[in-house]
Amino acid sequence: MTEENKKILNRINKYAENVLGDIDPQKTPVSMQLEKLKPIMQEIANEKGMSLEDLFILYMDIQSEATVASDQKLQEQLKDIGGDDMPLLYRD
């Protein structure tokens, strides 16, 4: 992930913590969550000279990339804890 994409992701996630902090993401439709993020996404899109739709696609891509990296890091940590003789089971 590029440094610029990390900054975009961090900025959106920080904003999300403030506006989505009290909602249950499992019970709140994604469309409502995205609507709450629209102001920061529009602001970033304007700064980058992108459409809101293009920024949304970029956000989804970098969020997915960050999730995969986080998952891989967790799997590595669990592998170290479990050892060869006693592996830990891990499910996505």
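1. Start with a term. A helix here is a DSSP run of H or I that is at least four residues long, and helices are numbered from the N terminus. By that rule, N5 is found in helix α1. Keep in mind that this is a predicted model.

2. Now the overall plan. The protein chain has three helices and zero strands. Read from the N terminus on, its elements run α-α-α. Helix α1 spans 3–19. Helix α2 covers 30–48, and α3 covers 52–82.

3. Next, the chain as a whole. It has 92 residues, and buried residues make up 21% of them. The accessible surface comes to about 7200 Å². Carbon and sulfur atoms hold 52% of that surface. Look also at the contacts with a separation of 6 or more: 46% of them join residues 24 or more positions apart.

4. Go back to N5. Is N5 buried or exposed? Its relative accessibility is 17%. Buried means under 20%, so N5 counts as buried. Which residues does N5 touch, once neighbours within four places in sequence are set aside? The partners are L58 and I62.

5. Turn to the core. In soluble globular proteins, nonpolar side chains tend to be buried together. In this model the largest nonpolar core has 15 residues. Those that touch the most other members are I8, I12, L37, M41, I44, L55 and Y59. Helices α1, α2 and α3 each supply at least two residues of this core.

6. I12 is then in contact with L37, I40, M41, I44 and Y59. Find I12 in the structure and trace each of these partners in turn.

7. I44 is another core residue to check. I44 has its place in helix α2. Its relative accessibility is 1%, so I44 counts as buried. Beyond its neighbours within four places in sequence, I44 is in contact with I8, R11, I12 and L55. Take R11 from that list. I44 and R11 are 33 residues apart along the chain, yet their C-alpha atoms are separated by 9.0 Å.

8. Compare M32, which is also a residue of helix α2. The cut-off for exposed is over 50%. M32 and L20 are 12 residues apart in sequence. From C-alpha to C-alpha, they are 10.0 Å apart in space.

9. Last, the largest pocket. Its volume is about 250 Å³. There are 14 lining residues, and the closest to the pocket's centre are V30, Q33, L34, L37 and Y59.

10. Which helix gives the most to the lining of the largest pocket? Helix α3 does, with five residues. Both α2 and α3 supply at least two residues each.

Technical notes. Residues numbered from 1 in each chain as written. Predicted model: local features only at pLDDT ≥ 70, side-chain atom pairs only at ≥ 80, totals over all residues. Heavy atoms only, no water. 1 Å grid on protein atoms, 1.4 Å probe; cavity = no way out; pocket = protein on both sides within 12 Å on 5 of 7 lines; lining within 4 Å. Points joined across faces, edges and corners; volume = space filled by probe spheres on them. Buried < 20%, exposed > 50% of the residue type's maximum accessible area, 1.4 Å probe, protein only. Contact = heavy atoms within 4.5 Å. Areas by Shrake-Rupley, 256 points an atom, 1.4 Å probe, with all protein chains shown as cover. Core = buried A, V, L, I, M, F, W, Y, C linked by side-chain atoms within 4.5 Å.
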